[in-house]
Amino acid sequence: MHCTGRAMSPETRNPGTALVAGAAGYLGSGIVRALKAQGWRVVGLVRDTAKADCVAALGATAIVADVRDAAAVAAAARSTDVLIHVAAGGDPYVAEGLREAESIRVLGARNLVRAAIAQHVPRVVVGSGYWVYADQPGIIREDSPVDPWGEALVNFHAELAAREETNSRGSPEVIIVRPGMVYGNGSWLRSVVDALRAGTYAVVADGTNPWSFVALDDAAAAFVRIAEAGTAGETYNVVDGRPAPWREFADHLADRLGVRRPASISVEEAARRYGAEVARHLAARRACTSQKLEQLGWKPRYADYRDGLIPVLASMTR
Ligand SMILES: NC(=O)c1ccc[n+]([C@@H]2O[C@H](COP(=O)([O-])OP(=O)(O)OC[C@H]3O[C@@H](n4cnc5c(N)ncnc54)[C@H](OP(=O)(O)O)[C@@H]3O)[C@@H](O)[C@H]2O)c1
């Protein structure tokens with residue numbers, strides 16, 4: 001069943017107005033849809049007017065502004081109840097791109113918290129990712145060891161920056177969200193599907209390392225649930241509850257697409273192809289649990305990627 005646990009927590013806030021930075025993005029547009037479905041008014045921050053039309057089509061009020069522009073963010077935050085940061089950009093694996101990625105994620109996080117202080121917005125929700133966790137055996141909870149690098153380090157810096165910016169009374173409340181691999185029609189899944197079809201996809205090493213997944217709609221519903229009922233200062237993992245070895249996921253996807261299962265390559269070969277930092281991510285073990293989030297009443301509609309992929313793959317052929 002989809003996330004419908006609204007009555008379970010006495011602290012649940014009524015839908016008000018949410019500002020989403022990155023509203024036209026993969027995660028952001030899903031969050032806008034989920035907020036609208038729960039009765040929220042939504043202000044979507046976008047970078048250009050073309051994207052503004054997409055966001056308006058989702059029922060949100062689009063504002064064209066750069067999340068790094070403090071004054072514009074403060075103006076956009078006026079009369080809102082929660083600010084959600086999923087704006088991202090730049091390639092963190094090349095020097096210039098890393099600077100851009102850091103500025104969008106980190107300065108963006110600071111600007112949102114400063115805007116919340118200036119406009120008396122009580123809550124800021126900062127999207128991050130489960131890649132901040134160290135490669136480790138066993139089940140990963142929010143207090144498990146972290147060891148962020150590459151894109152994960154940028155996200156981790158955004159987490160720290162947002163927490164740093166809250167004032168001494170802990171206001172606004174800052175909540176961090178760490179989704180696993182968010183699968184939907186776009187982002188990394190689209191690239192993997194294209195590469196599998198082209199016969200160029202490869203699994204690193206034996207692929208027994210577990211990854212954690214969550215369907216896009218479920219991840220978006222989690223952001224809404226956290227905006228409404230999350231505990232101040234907390235961090236929440238957002239995963240479907242069935243971590244799976246990467247080889248299993250890739251083979252299943254290939255079977256569903258009716259293409260050849262991918263070959264394996266060594267970590268050294270992956271480092272040559274994708275860079276050492278990406279290769280490390282691909283080979284890392286990150287089996288997460290969302291137990292803390294489930295205590296807020298969130299339940300993924302798709303508790304297993306094998307069910308969740310069915311509608312996603314059907315939508316990709318259209
Ligand atoms: N995708 C996943 O599976 C996943 C999983 C876990 C965590 N995350 C994290 O979630 C965040 C968002 O990821 P995503 O996949 O949704 O990325 P995305 O599709 O690239 O969306 C990012 C959005 O931010 C916008 N943006 C970029 N620079 C901006 C700026 N300066 N001011 C305002 N908006 C700006 C982009 O605008 P344009 O559309 O104009 O480029 C884009 O719409 C990232 O931190 C990512 O690491 C993603």
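Two residues are taken to be in contact if their C-beta atoms, placed from the backbone, lie within 7 Å. The structure is a predicted model, in which local features need pLDDT of at least 70, side-chain atom pairs count only at pLDDT 80 or more, and totals for chains, interfaces and linings use all residues. Residues are numbered from 1 along each chain as its sequence is written.

By the contact criterion, and leaving aside residues up to four places away in sequence, Ile84 touches Ala18, Leu19, Val20, Ala21, Ile31, Val125, Phe223 and Ala227. Ile84, Val20 and Phe223 touch the most other members of the largest nonpolar core, which has 103 residues. Such a core is a set of buried Ala, Val, Leu, Ile, Met, Phe, Trp, Tyr and Cys residues joined through C-beta atoms within 7 Å; buried means 20 or more other C-beta atoms within 10 Å of a residue's own, and exposed means 12 or fewer. Helix H7 (residues 216-229) gives the most to this core, with 10 residues.

Around the ligand stand 29 residues, the closest being Gly22, Gly25, Tyr26, Leu27 and Gly129; a residue counts if its C-beta atom lies within 6 Å. H1 supplies the largest share of this shell, 3 residues.

| Class in the ligand shell | Count |
|---|---|
| Nonpolar | 14 residues |
| Polar | 8 residues |

In helix H12, Tyr305, Gly308, Leu309 and Val312 are buried. Seen down the axis of H12, these buried residues fall within an arc of 100°, so they line one face of the helix. The face turned away from the buried side of H12 carries the exposed residues Ile310 and Ala314.

Technical notes: Helices (H or I, at least four residues) and strands (E, at least two) are DSSP runs, numbered from the N terminus. Ala, Val, Leu, Ile, Met, Phe, Trp, Tyr, Cys and Pro count as nonpolar, Asp, Glu, Lys and Arg as charged, and the others, Gly among them, as polar. The arc is that of the directions from the helix axis to the C-beta atoms.
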